[in-house]
Amino acid sequence: MLRLTEIRLGLDHRESELKAAILCALGISEPELLGYHVHRRGYDARKSGQVVFVYTLDAEIKDEPGLLARFRHSQHIRQAPDETYHYPVQAPANFGKRPVVIGTGPCGLFAGLSLARMGFKPLILERGKEVRERSQDVWGFWRQGRLNPESNVQFGEGGAGTFSDGKLHTGIKDRGHHIKKILQDFVNAGAPGEILYISKPHIGTLRLVKVVENLRRRIVELGGEIRFGSHVTDIAIDNGEVRGVTLASGESIAADQVILALGHSARDTFEMLHRRGVHIEPKPFSIGFRIEHPQTLINRCRLGSEAAHPVLGAADYKLVHHCKNGRSVYSFCMCPGGQVVAATSEEGRVVTNGMSHYSRSERNANAGIVVDITPQDFGSDDPLAGIALQRRLEEKAFELGGKNYNAPAQRVGDFLASRPSTGPGLVIPSYTPGVTWTDLGTALPDYAIAAIREAIPVFDKSLKGFAMDDAVLTAVETRTSAPIRITRDENFESTNTKGLFPAGEGAGFAGGIISAAVDGMKVAEAVARKITQI
């Protein structure tokens with residue numbers, strides 16, 4: 001196969017024009033083209049009113065060696081690489097105790113799926129509920145303010161990513177071709193086929209529910225076991241080596257390999273691991289607010305006269321500003337046509353996040369507007385000091401919201417002018433159970449407030465209307481990533497506890513669905529190699 005890049009066509013092009021573009025680029029006749037498929041499709045909207053698709057295509061040609069020789073100096077015509085993923089080992093007949101995976105977010109699911117495919121029959125333990133029951137608890141909290149600390153946006157099958165935009169793009173390098181394998185697994189589990197080639201794929205919350213269920217079924221078909229309502233409350237360590245785990249029920253499970261796919265909000269588990277002497281270090285993360293604008297405004301800013309084109313859908317954005325006080329403010333987890341959601345997992349605290357369905361058809365666009373912070377900001381040298389800071393900010397948001405799980409909110413014009421808001425303007429906040437209008441000036445540390453107040457007008461220069469008076473800020477965004485890292489060595493094993501494999505976002509090694517899933521696969525490979533001594 002040959003790979004062709006930078007093939008540009010209009011938004012309304014026909015399929016025949018794609019084929020014609022290949023023939024033109026290669027200088028061949030139609031009989032010489034045996035077949036082709038789209039490897040990647042993005043769009044270029046840098047010129048207003050001239051939005052075009054940009055394709056990367058793989059083509060099968062009769063005389064591939066001849067064309068490769070002819071285009072040997074071309075940057076846009078190369079031999080397509082082999083991107084097939086290969087599992088490194090297969091389990092022997094008697095491999096001893098089955099490995100344990102803690103957590104069923106994308107990291108845990110793909111660690112478990114990989115182990116099952118290699119024949120290791122993993123036991124996967126999830127503190128929350130299966131995804132449909134969990135969805136009922138989540139929607140019950142959003143509608144009625146009834147929080148279940150073990151079944152919510154953070155805990156349960158599918159992890160925190162289930163109630164998000166379902167973004168499947170990432171900036172990580174992937175020389176082992178894990179990402180292509182993960183995307184194909186998603187499609188096989190019910191995700192739309194377009195995620196294999198569009199530049200910014202996403203699934204959306206409602207579709208993710210079915211996908212997660214089908215991934216679970218596949219793990220079980222391959223000999224794995226998944227237990228819900230199985231909260232790991234202790235870990236047995238003997239002479240620096242893992243010997244098993246204990247559940248809240250009191251059950252003890254023997255294990256020589258345990259994968260920690262905890263997610264970024266398993267604070268009680270982090271505390272337990274710290275007590276047991278597992279090495280943990282503090283890690284930078286970010287704090288801020290959710291901001292909402294009319295999606296139509298974002299579409300006009302990003303797509304110009306093509307804003308209403310049906311093939312483009314709701315536009316997104318990515319912004320960053322380096323402030324005078326040395327902080328950086330950036331947009332985080334932008335959700336086109338979505339809603340701001342209540343994402344707490346602990347009573348007496350308020351946390352926000354963003355979510356979109358597959359259609360991205362809601363009236364508001366939202367994103368986190370967050371400020372980077374480092375362990376020097378945590379106020380203590382304790383490895384868990386970042387968790388304590390998160391909790392203080394979430395408790396403050398709970399207080400400002402009225403102590404009923406309403407979130408505190410403020411219009412952007414009032415925030416920039418340092419005056420309280422008394423109600424909404426053009427933009428109606430989407431957060432449920434509801435919002436309490438107030439002054440967010442005390443919701444974050446002074447340095448963070450100052451940085452966000454400086455950044456919003458700067459962002460308005462890139463997206464005209466970003467600083468509109470009626471845009472809405474909702475507090476507080478604290479779960480951007482884990483505030484800790486469970487350190488590991490080059491073999492993915494804890495630096496001081498053999499048999500313990502920290503993985504994914506909760507351990508500080510990923511950020512987002514795909515990077516967490518990739519890390520889960522890599523850790524599963526490491527566990528398999530250790531068991532088989534390869």
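A residue is buried when its relative accessible area is under 20%, exposed when over 50% and partly exposed in between (1.4 Å probe, protein chains only). The model is predicted, and its local features need pLDDT of at least 70. Residues are numbered from 1 along each chain as its sequence is written.

**Exercise 1.** Determine whether Tyr405 is buried or exposed.

*Solution.* Begin with the location: Tyr405 lies in the loop between helix 9 and strand 18 (407-411), where helices (H or I, at least four residues) and strands (E, at least two) are DSSP runs numbered from the N terminus. Next, its phi is positive, about 75°, although Tyr405 is not a glycine. Finally, the relative accessible area of Tyr405 is 12%, so this residue is buried.

**Exercise 2.** Determine whether Asn239 counts as buried or exposed.

*Solution.* Asn239 belongs to the loop between strand 8 (232-238) and strand 9 (241-247). Its phi is also positive, near 55°, in a residue other than glycine. With 75% relative accessibility, Asn239 counts as exposed.

**Exercise 3.** State which residues the peptide bond with omega near 20° connects, and where Pro433 is placed.

*Solution.* The bond runs from Thr432 to Pro433 and is cis. Pro433 is situated in the loop between helix 10 (412-417) and strand 19 (435-437).

**Exercise 4.** Identify the residues that a cis peptide bond with omega of about 5° joins, and the strand that holds Val476.

*Solution.* The two residues are Ala475 and Val476. Val476 is part of strand 20 (residues 472-477).

Methods:
This is a predicted model: local features need pLDDT of at least 70, side-chain atom pairs count only at pLDDT 80 or more; totals for chains, interfaces and linings use all residues. Side-chain values use heavy atoms; hydrogens and water are left out.
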